[in-house]
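Reader: I am new to reading protein models. Could you walk me through some charged pairs, step by step?

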Amino acid sequence: NGDMGGVDRSIAAMRAYTEQRAPVLKPGAPREFETRLRDLDRARRRADLAAAAMAALEAYRTLLLSLDASALTIPVQVDELGYAGLKAELLTDGRTRHWADLVQVAADANQDWKVIRANVHNDALRHVMQVALASLSQAARTRNAPMAYCAAHFTGAAAELLRQQFLLWKQ
């Protein structure tokens, strides 16, 4: 299938990347990552783009959470907020909405934000993230699909702004 053409190469590259870094990953991470890659491969064989996107996102998160957080320039919670925005997009894009999952994504994102918000000294940026997460939470609670999709994009964009700010602050 033309839409899934690069997935095989991506899976091979992700396997190679993980094998090279297996010694520095947390125990069990390579095995969990391989499970995610099998999910991605199954979705590819079915030509299920939505499932492939979700499997790839979960594989990314598996690697993210297997890294040594103390060695990172950007707090892992920033990447978790970006993950939340992407996952929320996937959960709200299409005919089937996964509201219970979206409520959980919003709750987890709010927890990640609580961990790092005191380290965000830019008032405007702090406000942007708070509004994004409040919008995502409200949309999930009220099952408002258009608002949820917009809030998902907003959350991802706010996370990218946070990433850029942390990079600047670390210089």
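**Reading the salt bridges**

Author: Gladly! Arg 163 and Glu 160 sit three residues apart, about one turn of the helix, and both belong to helix H7 (residues 145-169). Helices (H or I, at least four residues) and strands (E, at least two) are DSSP runs, numbered from the N terminus. This is a predicted model, in which local features need pLDDT of at least 70, side-chain atom pairs count only at pLDDT 80 or more, and totals for chains, interfaces and linings use all residues. Residues are numbered from 1 along each chain as its sequence is written, while side-chain values use heavy atoms, with hydrogens and water left out.

Reader: What do Arg 163 and Glu 160 form, and how far apart are the closest N and O atoms?

Author: Side chains of opposite charge can pair when their charged atoms come close. A salt bridge is a side-chain nitrogen of Lys or Arg within 4 Å of a carboxyl oxygen of Asp or Glu. Arg 163 and Glu 160 form one, with the closest N and O atoms 3.8 Å apart.

Reader: How many salt bridges does this rule count?

Author: The count comes to 10. Among them is the one between Asp 41 and Arg 45, whose closest N and O atoms are 3.4 Å apart. Asp 41 and Arg 45 are both in helix H2 (residues 29-46), four residues apart, again about one turn of the helix.

Reader: Is Arg 45 buried or exposed?

Author: Buried means under 20% relative accessible area, exposed over 50%, and partly exposed in between (1.4 Å probe, protein chains only). Arg 45 has 55% relative accessibility, so it counts as exposed. Arg 163, at 23%, is partly exposed, and Glu 160 is partly exposed too, at 37%.

Reader: Which residues do salt bridges with shared partners join into one network?

Author: Asp 41, Arg 44 and Arg 45 are joined that way.

Reader: Which side chain meets Glu 58 in a salt bridge?

Author: That of Lys 87, at 3.1 Å from N to O. This pair links distant parts of the chain, 29 residues apart: Glu 58 is in helix H3 (residues 49-65) and Lys 87 in helix H4 (residues 76-92). Glu 58 counts as buried because its relative accessibility is 12%, and Lys 87 counts as buried because its value is 17%.

Reader: Why is H4 largely enclosed by the rest of the structure?

Author: Look at its residues: 15 of the 17 in H4 are buried, so the helix is largely enclosed. Just after H4, Gly 94 takes a positive phi of about 120 degrees.
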